[in-house]
Amino acid sequence: MNCNAATREMSNYIDGDLSVTLRQELEVHLHDCEHCTVILKQVEMTVELFCDAEPVDLPGDVRARLYEALRSKLAK
Amino acid sequence: MKTVFLPRQSVKPRAKTVSYFVSPEGALFHLKRGRQRCGVLCATFMSERIGNWPLGSAVYPQAGPIANPLTAPNPHKTPSTVAKEDEHLLVAAAKGGDLSAFNELVSRYERKIFRLTMNITRNREDAEDAMQDAFLKSYSHLKDFEGSSRFYTWLVRIAANEALMRLRKRRPNQFSLDEPIPGDNDELIPRDIEDWGPSPEQRFGQTEMHDILSGVIDELEPSFRTVFVLRDIEELSTEETAKIVGISVPAVKSRLLRARLKLREKLNRYFRQGGVH
């Protein structure tokens, strides 16, 4: 497996969506390729950062309009 | 019974009256102080799942007071596992016409749904409209919700469709979300790799990190951004994402890979040692 093929499989590797054979090929490549190992680690970190980020509070005016819409349309 | 919709900040801490809704799966208690709702308690019949509980506290000396997850200081910090415990009770009550139960669902998910619609549309007006319509539609179609998935997942599908509809309407001539991505066979190997040093979460404050993530996702093309948001932030399956966006499963995988690589590259500007601050 070369670096381009390894990069193409990184996403499926992170998602646990690779066949055993392909996963082993990728892991052999990663063992010998520091470049791809760093990329994989940073891609994983990227996904984790977005996944873990807490949503911020709704802006006050957006929240007020949401509840006004619910009040006027659902309470009928 | 008259229902008052209250934003969470208005919630009062102490209840004077309790009304309840009982279903075969458990019970839902609405706590009120005067006319104001001040909390919801849910009880599922755990004893049926784990066997008979002997009476008497001496049997469980380690047991302490049980915090109400819905009135905890920061309820949105509680993980989805808590929501899963009582979500079906709230949905059952809402299906039965209990608007305050539906209000609790709205209060619980408003921030996440607004983040979703904002992430897809990147336009505050469209995001707000999409969120409002998603909640209204979810209420009017509650009878069609069969409970085979979580209510939140069902809500995400509705909200994503509302947001995508507005995105396509606003940018009809720029691109189509379901068209093939050019350059699918291009070489993908990232060239710029630099050490990110210590954990970025330790180097940046919460607000600064939020601004960084919001900024880089804003730079992604909508066709990549939408797939990334549904798969990695909302954690929908590849198949569900494909169905919502209207593309094939391989196309979802391809776009997700590219979105992740592009975001990594953009974050590299901030996280590399001595990067932009």
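Visitor: What do I need to know about numbering and confidence?
Guide: Residues are numbered from 1 along each chain as its sequence is written, while chains are lettered from A and ligands numbered from 1 in the order in which they are written. This is a predicted model in which local features need pLDDT of at least 70, side-chain atom pairs count only at pLDDT 80 or more, and totals for chains, interfaces and linings use all residues.

Visitor: In what order do the elements of chain B run from the N terminus on?
Guide: Helices (H or I, at least four residues) and strands (E, at least two) are DSSP runs, numbered from the N terminus. Chain B has 10 helices and 3 strands. Their order is β-β-β-α-α-α-α-α-α-α-α-α-α.

Visitor: How far apart are the end C-alpha atoms of helix α3 of chain B?
Guide: This helix covers residues 99-121, 23 residues in total. The expected span of a helix is 1.5 Å times one less than its number of residues, and a straight helix here would reach 33 Å. The end C-alpha atoms of α3(B) are only 29 Å apart.

Visitor: Where does α3(B) bend?
Guide: The bend at a residue is the angle between axes fitted to the seven residues ending there and the seven starting there. For α3(B) the angle is about 55°, and the residue is B:Y109.

Visitor: Why is α3(B) described as largely enclosed by the rest of the structure?
Guide: A residue is buried if 20 or more other C-beta atoms lie within 10 Å of its own, exposed if 12 or fewer, and partly exposed in between, with C-beta atoms placed from the backbone. The helix is largely enclosed because, of its 23 residues, the number buried is 22.

Visitor: Which element gives the largest share of the side of domain 1 of chain B that touches domain 2 of chain B?
Guide: Two residues are in contact if their C-beta atoms, placed from the backbone, lie within 7 Å. The contact takes 10 residues from domain 1 and 11 residues from domain 2 of chain B. On the domain 1 side, α3 and α5 of chain B give two or more residues. The largest share, 6 residues, comes from α5(B).

Visitor: How many residues of chain B are in contact with chain A?
Guide: From chain A, α1 (3-14), α3 (34-52) and α4 (60-74) each supply at least two residues of the side that touches chain B. The contact joins 33 residues of chain A to residues of chain B numbering 35.

Visitor: Which residues of chain A does B:I189 touch?
Guide: B:I189 is in the loop between α5 (151-170) and α6 (200-203) of chain B. With 16 other C-beta atoms within 10 Å, B:I189 is partly exposed. Not counting residues up to four places away in sequence, B:I189 touches A:C3, A:N4 and A:T7.
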